Amino acid sequence: MSELCFCVATMAPKPVIPDPVCTWINNSTHLTANHLWFRRNTAENNLGVVASYEELRQRTAAPILCYIHDDVICRELGWDLRVLEEFEDPKVGVVGFGGALRHGSDELYKRPYKLQQLGRAGYRSNVDDAEVHGERFEDNCDVAVLDGFALIVRRELLDRAGGWPHDRYPPHHCYDYFLCCLAHQLGYRVRLCGVRCHHLGGRTALSPAYQLWAERSKWGSDQAMHEAGHRLIYEDFRDVLPWSCV
Amino acid sequence: MHPIPILFYGDNPRLATGLARIGRDLATLVSGLPQFRVGYMGRGSMASSKLPFAQYPFHEWEEWGESKLEFTWRDFAGDDHGIIFTITDPSRLHWFANPNGIEGPLGDFLRSGKFERWGYFPVDSVSIGERLTRESCQTLQHYDRILAYTQFGAEVLSKSVGGHVEWIPHGMNLDVFTPRDFTQARAKLGVRLDDLVVGCVMTNQARKDWGLAFAIIARLTAGIPNVKFWAHVDTTLRHWDLRALVDDFRLDPQNVIITETGAFNDSELSYAYSACNLTILPSLGEGFGYPIVESLACGVPCIHGRYGGGVELIPCDEWLVSPVIDRLDTPYNCLRPVFDPGDWVETIERALQSPNKAPDFCRNSVAHLDWHALWPSMWKKWFESGVVI
């Protein structure tokens with residue numbers, strides 16, 4: 001079971017292990033605390049998500065990296081076996097627990113750029129409030145794009161791309177778009193597992209501390225990061241967008 | 001993989017028409033794809049050594065090339081199966097699509113199944129029932145792949161064939177069509193810096209309403225003393241007589257600058273666009289509307305009628321002029337708009353005061369059409385997705 005390692009970027013101070021993270025260990029068949037890797041961010045030293053994920057990639061050696069937000073609760077025993085079964089197919093590059101069948105509108109690249117053209121459609125998951133976000137889905141399927149709350153990635157995919165794009169992309173937003181588009185660009189499949197879980201969500205981005213940090217970053221604001229991330233996705237993945245699994 | 005022969009069919013790529021430019025650009029780009037071997041059967045003009053594909057020109061007096069097609073395919077493709085990709089109006093292609101009743105080598109060839117029929121169809125009007133006229137609908141039914149220029153075109157074609165039709169816009173070279181130095185541009189066109197310059201780039205054919213263009217300028221001139229009208233046309237005398245229009249509208253010939261297509265290359269054309277305060281395209285329906293996007297790429301607003309495929313290219317609703325009524329025209333029952341020149345003048349005056357006339361606004365509205373962006377995003381994928389035949 002050393003194939004998997006669990007990578008978390010968190011603001012929780014050492015040695016705290018956030019409760020939601022414990023649920024993934026407890027519901028796995030073989031994972032222990034030894035498989036947990038943290039990037040501990042602080043208000044003074046916050047790398048943001050993308051650079052944190054890159055640091056975790058460099059610090060670990062497992063062939064499959066589970067990047068899961070520290071506010072996602074697992075409710076399914078044996079989730080790890082289900083994920084590993086997906087990775088038995090060497091063409092599978094990324095697995096997640098919430099995803100959409102379509103990424104990018106029909107107008108994308110045909111009309112002048114608008115951020116909304118990069119939206120996703122046909123979202124499905126098996127979180128507690130799945131119906132609020134889209135449709136409930138318990139099975140496994142190919143998807144166009146996954147939600148960033150759970151991104152389980154074959155290391156080889158990231159290695160081929162030189163890791164996470166922390167020097168180009170904003171530290172927040174669009175890293176899920178990036179990873180899934182990259183997978184398609186490199187010929188991998190992106191898979192959704194309807195693992196029963198729950199994403200508490202909204203804790204980081206809405207906090208005044210985060211907003212202040214965003215304003216002090218080179219990007220100037222959270223909104224500027226959001227816009228810049230989308231623009232980069234638009235430019236970098238012309239060959240694979242829009243993507244549809246319908 | 002053995003490259004698939006794809007024979008483009010349309011206006012000769014050396015001509016200065018919109019269809020020729022589309023064919024030339026696409027054939028050149030497809031020549032760079034290893035999956036294809038490109039040939040081009042072009043109507044009018046001659047072959048050029050500067051183009052990277054085999055060329056089979058035919059004369060206008062040979063109609064639509066019916067007598068040359070079978071020979072051309074045999075020479076180009078031999079016994080290979082491939083694609084004939086037409087870039088022209090469906091009304092010209094009934095014989096090609098539906099060869100019932102055609103005897104001899106041409107009929108045998110058209111029925112041979114040696115090639116797929118792909119078409120990129122201009123749709124500059126609708127007929128009764130918001131589709132094309134019946135014969136054109138029948139033509140389309142025999143195609144294996146149908147592609148439209150615009151969403152407008154796709155909707156008309158969808159109704160014509162009873163199924164979904166994709167659309168992809170044309171590309172252009174934004175390095176050439178770019179805002180030029182205003183002072184230089186005005187000097188090249190021979191107008192003063194304080195003149196109000198209105199441009200119009202259209203060929204001389206019935207659908208391009210030069211009569212309306214001059215009526216607009218005559219009214220505009222009556223209210224504004226320093227109006228200069230730049231009219232760029234392939235020939236001054238064919239369907240319209242531009243000199244007669246100048247005379248009859250009693251315009252001062254010194255205020256009308258008429259240039260013909262051969263006088264300018266694309267770079268020089270971009271200077272002329274850049275010299276304008278705005279351009280107008282008073283045609284009675286566009287499949288696409290290159291003069292719209294060329295003008296915008298040069299940072300200059302374009303006023304256009306609210307009809308046809310060109311509407312989608314205008315980035316600002318207030319730059320569109322609504323028809324007062326429409327009428328049927330030609331044997332193909334094309335619905336054509338009728339405009340009031342006064343509405344155009346009002347729209348021009350409003351546009352001249354619009355904050356959206358800033359060059360960046362115009363240019364950003366066509367940035368996605370640059371070939372560097374459009375080819376990998378849309379066209380390359382479209383051609384590659386059709387290689388399994």
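Start by selecting strand S2 (residues 36–43) of chain B together with S3(B): the two pair in the parallel sense over two bridges. Here two strands pair if DSSP finds at least two bridges between them. Helices (H or I, at least four residues) and strands (E, at least two) are DSSP runs, numbered from the N terminus. For one of the bridges, pick Gly39(B), whose partner in S3(B) is Ala54(B).

Before moving on, a word on what is on your screen. This is a predicted model, in which local features need pLDDT of at least 70 and side-chain atom pairs count only at pLDDT 80 or more, while totals for chains, interfaces and linings use all residues. Residues are numbered from 1 along each chain as its sequence is written, and chains are lettered from A and ligands numbered from 1 in the order in which they are written.

**The sheet of chain B**

Seven strands of chain B make an open sheet with parallel pairing, in the order S3-S2-S1-S4-S5-S6-S7. At its edges are strand S3 (54–55) and strand S7 (166–167) of chain B, each pairing on one side only. Touching means contact, with C-beta atoms, placed from the backbone, within 7 Å. Axes are lines fitted to C-alpha atoms, for helices over the stretch in contact, and angles run from 0 to 180 degrees between N-to-C directions.

Follow chain B past S5 to Glu130(B), in the loop between S5 and helix H5 (134–141) of chain B. Glu130(B) is not a glycine, yet it has a positive phi of about 60°.

**Two helix pairs in chain B**

Select helix H1 (residues 18–30) of chain B and H14(B): their axes come within 11 Å and cross at roughly 70°. The two helices are therefore roughly perpendicular to each other; angles under 35 degrees count as roughly parallel, over 145 as roughly antiparallel, 65 to 115 as roughly perpendicular and the rest as oblique. Show side chains for Asp25(B), Leu26(B), Leu29(B) and Val30(B) in H1(B), which meet Trp371(B), Trp375(B), Trp379(B) and Phe383(B) in H14(B). By class, this contact has seven nonpolar residues, no polar and one charged. Ala, Val, Leu, Ile, Met, Phe, Trp, Tyr, Cys and Pro count as nonpolar, Asp, Glu, Lys and Arg as charged, and the others, Gly among them, as polar.

Next, go to helix H8 (residues 210–223) and helix H12 (residues 341–352) of chain B, which pack at an angle of about 60° with their axes 9 Å apart. H8(B) and H12(B) are therefore oblique to each other. On the H8(B) side, look for Leu212(B), Ala215(B), Ile216(B), Arg219(B) and Leu220(B); they meet Pro341(B), Gly342(B), Trp344(B), Val345(B) and Ile348(B) in H12(B). This contact has eight nonpolar, one polar and one charged residues.

**Domains and chains**

Colour chain B by domain: the assignment (bounds come from an automatic or database domain assignment) gives domain 1 (4–171 + 370–384) and domain 2 (182–368). Their centres, taken over C-alpha atoms, are 29 Å apart. At the boundary, 22 residues of domain 1 of chain B are in contact with 19 residues of domain 2 of chain B. Helix H6 (151–161) and helix H14 (371–384) of chain B each supply at least two residues of the domain 1 side.

Then bring in chain A, where seven residues are in contact with twelve residues of chain B. H14(B) supplies the largest share of the chain B side, five residues. That side has eight nonpolar, four polar and no charged residues.

**Over to chain A**

Chain A has an open sheet of seven strands too, in the order S2-S1-S3-S11-S5-S12-S9, with mixed pairing. Its edge strands are strand S2 (36–40) and strand S9 (140–142) of chain A. Within it, strand S5 (residues 92–96) and strand S12 (residues 189–193) of chain A run parallel, joined by four bridges. Zoom in on Val95(A), whose bridge partner in S12(A) is Arg191(A). Helix H6 (residues 175–185) of chain A packs on the sheet, touching S5, strand S11 (150–154) and S12 of chain A.

Finish with two cis peptide bonds. One joins Lys14(A) and Pro15(A), with omega about 5°; Pro15(A) sits in the loop between strand S1 (4–10) and helix H1 (19–26) of chain A. Another joins Leu241(A) and Pro242(A), with omega about -10°.

How values were computed. Contact = placed C-beta atoms within 7 Å.
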